[in-house]
Amino acid sequence: MTVRGRFITVEGGEGAGKSSNLAFIQSLLEAAGKQVLFTREPGGTPLGEAIRELLLGHKHTGMADDTELLLMFAARAEHLQQKILPALEQGVWVLCDRFTDASFAYQGSGRGLSLEKITKLQQFVQGSLRPDLTLLLDLPVETGLQRAGNRSEPDRFEREAEDFFERVRNGYLQIAREEPERVRVIDASPALPQVQEQISATIHHYLESLDE
Ligand code: Z5A
């Protein structure tokens, strides 16, 4: 199958500012003439959103780590088949709030599940599909937690201790070191206009690289 659209994902730890920047990223892509489908994980489809409720709600607080991982990938399988792949095949650009890097960072580095196990699921569910570009919004855990603390009721993940989020951050940075071409690290600690300057430069650089 020929994939024609591009697949862009946005990642980051707690309170990194994904929600604050996703519409901005979409507007940059649309200004460059791309048709963009915005979606998110876990979720993105009716079944995926139902799985999201199970994962983030407080009804199943003692969920086994393997169950959590499998639910993430079950939602992802549905998302890919029903939404992401059909869009890419039609030449639509897909902008996704989190994807499999989050499974490596949260379930792998955060929960301590084996990266080999996650890699096998990635292969099973995605085949060769990987994001074309990933923006990793990075900031110190303490700053992210302070920012997130100003918001609503914490979900099941947001109740984790600070060292969990340190492991998640390190997991993400490790992926960025291993795949510097795909994963661009954005310093999310300054004020929003400065964060968006970096995002804008990264997106424009990526778009230019496609024209070369
Ligand atoms: N998860 C997983 O474990 N495994 C997986 O495979 C996947 C996901 C796919 C749901 O994700 C959870 O699922 C997530 C990982 C797990 N758990 N956690 N934690 P989510 O993306 O829906 O939830 P989230 O990570 O908590 O994202 P969020 O709540 O949307 O936060 P955010 O988008 O990064 O931050 P924000 O809402 O844009 O900003 C937070 C606050 O900071 C807000 O008040 C802003 O106004 C403020 N802000 C933002 N930027 C700035 C700057 N630059 N300066 C000052 N203040 C700022």
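Which helix holds the place of Gly144? I started my notebook with that one, and I found Gly144 in helix α6, which covers residues 141-149. A reminder to myself before going on: this is a predicted model.

**Entry 1: around Gly144**

Is Gly144 buried or exposed? I looked up its relative accessible area and got 0%. Buried means under 20%, so Gly144 counts as buried. Next I listed its contacts, leaving aside neighbours within four places in sequence: Gly144 touches Glu14, Gly15 and Leu139. I also checked Phe165, which is 21 residues from Gly144 in sequence. From C-alpha to C-alpha, the two are 9.5 Å apart in space.

**Entry 2: the ligand**

Glu14 turned up again when I moved on to the ligand, as it is one of the closest residues there, together with Ser19, Ser20, Arg52 and Arg98. I read off 28 residues around the ligand in total. By kind, this shell divides into 12 nonpolar, 6 polar and 10 charged residues.

Then I looked at single atom pairs. With Ser19, a backbone N or O atom lies 2.6 Å from an oxygen atom of the ligand. With Arg52, an N or O atom of the side chain is 2.6 Å from a ligand oxygen. Ser103 also puts a polar side-chain atom 2.6 Å from an oxygen atom of the ligand.

How much of the ligand's accessible area does the protein cover? I noted 84% of the 1000 Å² that the ligand has on its own. Which elements give two or more residues to the shell? My list reads α1 (18-31), α2 (46-56), α3 (65-89), α4 (100-110) and α8 (192-211). Of these, α4 gives the most, with 4 residues.

In soluble globular proteins, nonpolar side chains tend to be buried together. The largest nonpolar core has 38 residues, and the members touching the most others are Phe7, Leu55, Leu80, Ile84, Tyr106 and Tyr172. At least two residues each come from α2, α3, β3 (93-97), α4, α5 (115-126) and α7 (162-178). Helix α3 gives the most to this core, with 10 residues.

Apart from this core I found another, of 21 residues, including Val10, Leu29, Leu135 and Ile203.

Notes:
Residues numbered from 1 in each chain as written. Predicted model: local features only at pLDDT ≥ 70, side-chain atom pairs only at ≥ 80, totals over all residues. Heavy atoms only, no water. Near = heavy atom within 4 Å. Polar contact = N/O pair within 3.5 Å; in protein donor to acceptor, adjacent residues only side chain to side chain. Areas by Shrake-Rupley, 256 points an atom, 1.4 Å probe, with all protein chains shown as cover. Nonpolar A, V, L, I, M, F, W, Y, C, P; charged D, E, K, R; others polar. Core = buried A, V, L, I, M, F, W, Y, C linked by side-chain atoms within 4.5 Å. Buried < 20%, exposed > 50% of the residue type's maximum accessible area, 1.4 Å probe, protein only. Contact = heavy atoms within 4.5 Å.
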